[in-house]
Amino acid sequence: MSIISVSNVTHQYAVEGREKTLALSDVNLEIGKNEFVTLLGPSGCGKTTLMRAIGGLVTPTEGTITVNGKPVRGPNQDCAIVFQSFALMPWASVLQNVTFGLEMRGVGKAEREEKARAAIAQVGLKGFENKLPKELSGGMQQRVGLARALVVSTPILLMDEPFGALDQQTRRYMQEELLRIWQQDQRTVVFVTHDMEEAILLADKVVLMSARPGRIEEVIDVTFERPRDPEAVERLPEFVELKEHLWRRLRQAHELNAA
Amino acid sequence: MTMSALSTAGESPAAGLVRFVRNIAVNWAGMVALALIWEIVGQLIRQPWLPPLSEVLVRMVALFTTGGLSQHLVASLASLALGFLIALAIGLAVGILMGLFNWVYTALDVYVNAMLFTPGLIFAPILFAIFGLSDATRVSVVVIYAVFIIIINTAAAVRNVDRPLIEMAASYGASRTTTVFRIVLPDAFPLIIAGLRMGVGRAVKGMVNGEMFIALIGIGGQAARYGKQFDFTSVWAISVFIMALAVVINQLVTWLEKRMTAWVD
C-alpha cells in the first residue's frame, strides 16, 4: 500500500508571452510508507516540480496525486518541506524559525517550544536556539530548515535539493546526519537531487528522470544494508556499478534530446 | 557626525576604537575645514550676501535668545511631526495595499510617480484656499512632500518580498493574512524604513517651503521675512540651523534603522 501515489501527471508551465513548457509528461509513481526515494535528473527535468506537486505547492494541469489516500489539493498536513534556499526568516531566532510550522498548526507556545528544542538538539544545534540565521553557517542554516520540517511530525518529508547550496564537505556531513536522523525517526522521504552519489547513498529507490519533457526513465531499487556508512557504501563494487549505470542512462537521455 | 558602532564583527576592540576615533576625526576635519574657508572668504570679500561664519553663529544665538525664533521653531516642529505622522499612516497603508494587490498597484502607480516629481508647492494656492493661513496648510504641505516617496518605497518593498519564504509559509499552512503579517511585512521592513528616512528628509523640506511661500509662519516664514529685508546674516543663520537639524534627524533615523534591522544579512 503506497502512501504517495502519482498517476498520469502532466504539468505545463504557462509563462506569459512565451511558449508553454512541458515540465512533467505522464508521470506515474508509487511510493511506499517509510520509503526513502530520491528524484534524480538533470536540471529542467521536472524533479522539483514533481516534488512540489506532491507537497501541493503546484497543481498539475493533468492527472492526480494522492497522499495517504486523499487527493492533494494544496499544501497539506501530511507533508513538510525542506527548501533548497533554506527559507529561514532572517529576523527570527533559530527557535522561532523551528516553531513556525507548529504555530501555524495551532500548537500552544509551551508545547511547541519544548518540541522545537528537542528537534534543534536532534539536528545538533543545541545551544544555538537564540541565534539569528545570519550568525549560522550554510550547513547550520539547513539544519534549522530540517528541524522545522521534522518537528511538525508529518509522515512525509519533501526535500528539494536541500544540500545543493552547500560545499562538498558540509554536504557529506549533512548526508550522514540525515541518514542518522532518518534511521532513528523513520518516515517517507522524497529527496530531489542532481547528484548521483547522493541519490544512491540515501535512497531505497532512485527515480531517474529525463528532461524535456520531464519523464521517469527508470526506477532503481537500492538495497544496501542500513544503517549505511557513506564511506563504506561508496567503496562497494555495486555502488560503482550503479553509478555507472545511472551515468550511462543520463547520457543516453541527454544525447537523445540533443539529437 | 558618526554613529557607527564601536567595532564590527571580527575586529578587535582596539582596532574598532582606532577606526571610531579616525571616523570622528575625518568627519570633524571636513567640517572644520569648511567652516574655516567660509570664515576666511567672508572676512576677505566683505560682501553682504556672505557674512563670515562667526557673525552667522552669533546671529543664530541672538535669534534664538532675543529674536523669538524658539517659538517659531516649536510651532514648525509640531507641524513637521504631525505632517510626517499623517504621511506615514497614509504612505504605509497605500504602499502596503499597492504591494499586496496587483490591481491597486496598476491603478495607482502612474499617479503616485507623477506626484513624486510634481513640486508640492504647485498646490500651494489650493491648500491656502482650503485651509487659509493656518497650521493645517503647513501640515498638508509636509504630507504632500513626504507621502509619495513613502508609498513608492513601501510598495516596492512589499512587492519584492522573498518568494521562497512565502512558499515556506504556505507549505506550513499559513493563511494569506497570517503570511502578510508574519512574513511579508517583516521581510519588507528594512526597505520600508529606508523609505521613511527619505520621507523624513522631504518632510523637513516641505515644512520650510510651505512656511516660506504659503504661510509665512514658523522658522521658514522668518527666513522669508529676513530675505525680503536683505538681512543675509539672519537668512544664513536659519539655513545653517535647518541643515544642522536635518543632520540630527537623519542620524536619529539612521540609528533607529540600524537598531531595528540588525538581523539583515
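A salt bridge is counted here when a side-chain nitrogen of Lys or Arg lies within 4 Å of a carboxyl oxygen of Asp or Glu. In this predicted model, A:K115 and A:E111 form such a pair, with their closest N and O atoms 3.2 Å apart. The points below begin with that pair, then turn to the interface of chain A and chain B, to the aromatic residues, and to chain B as a whole.

**Salt bridges**

- Over all chains, a search of the whole structure finds 23 salt bridges, and the pair of A:K115 and A:E111 is one that meets the rule, since 3.2 Å is within the cut-off of 4 Å.
- Both A:K115 and A:E111 belong to helix α3 of chain A, which covers residues 109-122, and they are four residues apart, or about one turn of the helix.
- Between chain A and chain B the count is two salt bridges, including one in which the side chains of A:E103 and B:R182 meet at 2.6 Å, taken from N to O.

**The interface of chain A and chain B**

- The rule also finds five residue pairs in polar contact across this interface, with both residues of each pair at pLDDT 80 or more.
- On the side of chain A that touches chain B, the elements that give two or more residues are β6 (79-82), α2 (94-104) and α4 (138-151) of chain A, and α2(A) gives the most, with four residues.
- Sorted by class, that side of chain A has 16 nonpolar, two polar and five charged residues.
- In terms of contact, 23 residues of chain A meet 18 residues of chain B.
- The size of an interface is often given as the accessible area lost when the parts come together.
- For chain A and chain B the buried area is about 1900 Å², and 65% of it is on carbon and sulfur atoms.

**Aromatic residues**

- Taken over all chains, the count comes to nine aromatic pairs.
- In chain A, one aromatic cluster is formed by A:F36, A:F163, A:W182 and A:F191.
- In chain B, an aromatic ring has a charge over it: the charged end of B:R159 sits over the ring of B:Y105, at 3.6 Å from the centre of that ring.

**Chain B as a whole**

- Chain B has 10 helices and zero strands, so that its pattern, read along the sequence, is α-α-α-α-α-α-α-α-α-α.
- The C-alpha trace of chain B spans about 70 × 60 × 25 Å along its principal axes.

How values were computed. Residues are numbered from 1 along each chain as its sequence is written. Chains are lettered from A and ligands numbered from 1 in the order in which they are written. Side-chain values use heavy atoms; hydrogens and water are left out. Contact means heavy atoms within 4.5 Å. Buried area is the accessible area (1.4 Å probe) that two parts lose on being put together, summed over both. A polar contact is a pair of N or O atoms within 3.5 Å; within protein, one must be able to donate a hydrogen and the other to accept it, and residues adjacent in sequence count only if both atoms are side-chain atoms. Ala, Val, Leu, Ile, Met, Phe, Trp, Tyr, Cys and Pro count as nonpolar, Asp, Glu, Lys and Arg as charged, and the others, Gly among them, as polar. Rings of Phe, Tyr and Trp (its six-membered ring) pair if their centres lie within 6.5 Å; planes under 30 degrees apart count as stacked, over 60 as edge-to-face and the rest as tilted. A charge sits over a ring if NZ of Lys or CZ of Arg is within 6 Å of the ring centre and within 35 degrees of the ring normal.
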